[in-house]
Amino acid sequence: MNTIPMSYYLVLSAVMFTLGAIGVIIRRNPLVMFMSLELMFNAANLTFVAFSNAFGNANGQIFVFFVMVVAAAEVAVGLALIVAIFRTRHSIDIDLMNTLKN
Amino acid sequence: MENATTTLYFHLVPLVVFLPLAGLVINLLIGKKLGEVVSGTIASLASGAAFVVACLLMLSLRSNPEAVVVPFAEWIRVGGLAVDWAFRVDTLSVTMMLVVSGVGTLIHIYAIGYMHEDVRLNEDPGRFTRFFIYLNLFIAMMMILVSAESYLMTFVGWEGVGLCSYLLIGFWFEKGKEGTGNAIAAKKAFITNRVGDFGFLVAMFMIFLQFGTLSFSELAHVSAPVGALGTVVVAGIGLFLLLAVTGKSAQLPLFVWLPDAMAGPTPVSALIHAATMVTAGVYLVARSAPLFELSPVGPQAVAWVGTLTALFAATIAVGQYDIKKVLAYSTISQLGFMVAAVGMGAYVAGMFHLVTHAFFKALLFLSAGSVIQGVEHGHHHDPHADHYAEFDPQDMRNMGGLAGKMKVTTAVYIIGALALAGVAPLAGFFSKDEIVAFAFGKNPVMFTMLLLAAFFTAFYMARQVWMVFFGKARTTAAQGARENPLVMTIPLMVLAVLSLVGGALNLPHVETLGKWLEHTMEGLHPAEFNWLVAGISLAVAFTGIAAGWFFYGRRSWQPGQSDPMKKLLGPLFTAFERKWWVDEIYNALLLQPYKDLSAILAEPVDQKLIDGCANGLGRMTGWFSRGIGVLQNGLVRSYALVILAGVAAILGYLILR
């Protein structure tokens, strides 16, 4: 089994995470923000799996399952919220959701 | 009583407290439905039953004269302090019980008649029952005071009678000068008494500190502590107890509340402010005799305070026009005699005067009440009187010539006045003479002052009798006065008989009371009957009466006339009239600075400083939160950026550490 160096996984993961973070910050569409969030989750998952493989320890992989489950649940709640907000405000622009400011 | 198998009734002693309480509860629950006569009778019976119990106790003590302690309930157990609810039956406490319940019962009966009129004159008949509830409560509290076995239990009664005094002075709380006069008088009495109570409390603390107990039985045999600190503490106990006495027994400098206390209905003045409650101070000194004997400071201070008060108050009584105020200052003066006596160590003489004074002063007050109602009756039935004009039925200048209209009242009043003036062989002569004779051997200055006070006593009583009962009626109200019903006059007659023969309690060389009290108080000095002193004091009494006749009897007082003494004494009489300006001096020295201080504390300190601090804190919090509220700008993406920056910062710190 030809081994891909560990650093490759970590660099890829870092790039994915950064892209996700930038996406969350600069986009105004909550759907896109969710996708960016998902990108950050998966960056973290990739790191988990890489380390799990490198050290021969299954804990990292178990963590990944947990993260996936939580992410799925979070998306379900989030999408429901977005639908509800859209119904009342006819817009899902995240910058307009500021009625609780100050 | 000779046979040794006499039944002993000591275990009945809790009843002296609980019988009046039972009367109170009955009247409290169903008194309003019972009607005036029944409710008054229940109250009188409750007090009378307590008197019967006291008599049984006396009989038991005669066959078995040593003090008996009857435990009743466990009360306080804290650390080294153990105070139980226990009753002490000894000759001293039973003497007080007999006086309180005996005189109290007579006054209850009298009050049935008096309050019947009084509630109608004051236009609130619903308050009749309330009066008797308070009166029963007072008897119960007074019984706790005198039957207590420890200082703490005495203190409970001490406070309780103070409360009853407050409630009864303010019985017509919405009446009086400007509609608040009575309420203010009640408040004054209560607050002045608090000053004395403070002394009682501190004395109790010191007693416990020094001797480790508050029980009378255990304190009876304590010995004087050694060392400088012990001496100071023992002297302090005496002085603080004296402060308590000056409060309750209206001595200098705390006597100011008693004259104002006359705002209460007259039976209250007779029961509480003449016969019983105010003598609690005298009882306290007699009860604390073992402690007072430990240091010469306390007794000497007590004797001087008493002597000064006796003379001081007697001079004020000369210049008063209100029939009850004269008697009030007379009471203060007579209490001064008693306090002086117990201070000098003449405990028997002091207690003797306490008992006889209870008889004749209760008699005088009740007769004064009878006079007032007679005059008020005349005023109300005068068709020509202006019923809206201010008319004072207590002002002696509005009276005169009542002797023909109120025969019984006049007769008993004169008996009471003669007894108070110290004319032999009435009650007051023997008791007062015993005090004066004791002072004769002890201290010539005190002796002279007490004699002078006795002279004034005879003089102001003569002045009062001639102003009220003789001469011509000066108002139509006095002209229309009529005698009161039997329910009021019978107690007067009983008290008059007691005032006539009360001296027999402790006749010279027989000394019934002295031998009786000997069982309780050790080392009593036997009273010496001194013919010289007796002659002098009798001469003084007659001179006083003669002087009173010379100024007030020879020519009868004319309407609108000023006091004949005014020409003779000038500014001195004005001082008597204005009560030596004591109220004004207290007002200027204590009340006004206090009010000024309160004003300062209220306006600049409380409203500006303290409220300013509180409001300033609130305002600062507002500013601060408005400042950081800017951060909550409602932009989710900026929150995310802050979170990211935070995570980066923490991670950076963890990595670069």
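Let me start with one pair. The side chains of B:Asp433 and B:Ser537 are joined by a polar contact of 3.2 Å. Keep in mind that this is a predicted model.

Where does B:Asp433 lie? In helix H17 of chain B, residues 427-442. B:Asp433 is buried, yet it has no salt bridge. The nearest side chain of opposite charge is B:Lys432. That side chain is 10.0 Å away, and a salt bridge needs the nitrogen within 4 Å of the carboxyl oxygen.

So what does B:Asp433 touch, leaving out residues up to four places away in sequence? B:Gly428, B:Phe529, B:Val533, B:Ala534 and B:Ser537. B:Ser537, then, is the residue from our opening pair.

Now to the interface. Chain A and chain B bury about 980 Å² between them. Carbon and sulfur atoms account for 61% of that. How many salt bridges does the rule find across the interface of chain A and chain B? It finds 0. Polar contacts do turn up: 2 residue pairs across this interface, both at pLDDT 80 or more.

On the chain A side, helix H1, residues 6-26, gives the largest share of what touches chain B. That share is 4 residues. By type, the chain A side divides into 8 nonpolar, 2 polar and 4 charged residues. In total, the contact takes 14 residues from chain A and 11 residues from chain B.

To recap. B:Asp433 is buried without a salt bridge, but has its polar contact to B:Ser537. The interface of chain A and chain B likewise shows 0 salt bridges, with 2 residue pairs in polar contact.

Technical notes. Residues numbered from 1 in each chain as written. Chains lettered and ligands numbered in written order. Predicted model: local features only at pLDDT ≥ 70, side-chain atom pairs only at ≥ 80, totals over all residues. Heavy atoms only, no water. Contact = heavy atoms within 4.5 Å. Buried area = accessible area lost by both parts, 1.4 Å probe. Polar contact = N/O pair within 3.5 Å; in protein donor to acceptor, adjacent residues only side chain to side chain. Helix = DSSP H or I, 4+ residues; strand = E, 2+ residues; numbered from the N terminus. Nonpolar A, V, L, I, M, F, W, Y, C, P; charged D, E, K, R; others polar. Buried < 20%, exposed > 50% of the residue type's maximum accessible area, 1.4 Å probe, protein only. Lys, Arg positive; Asp, Glu negative; His and termini not counted.
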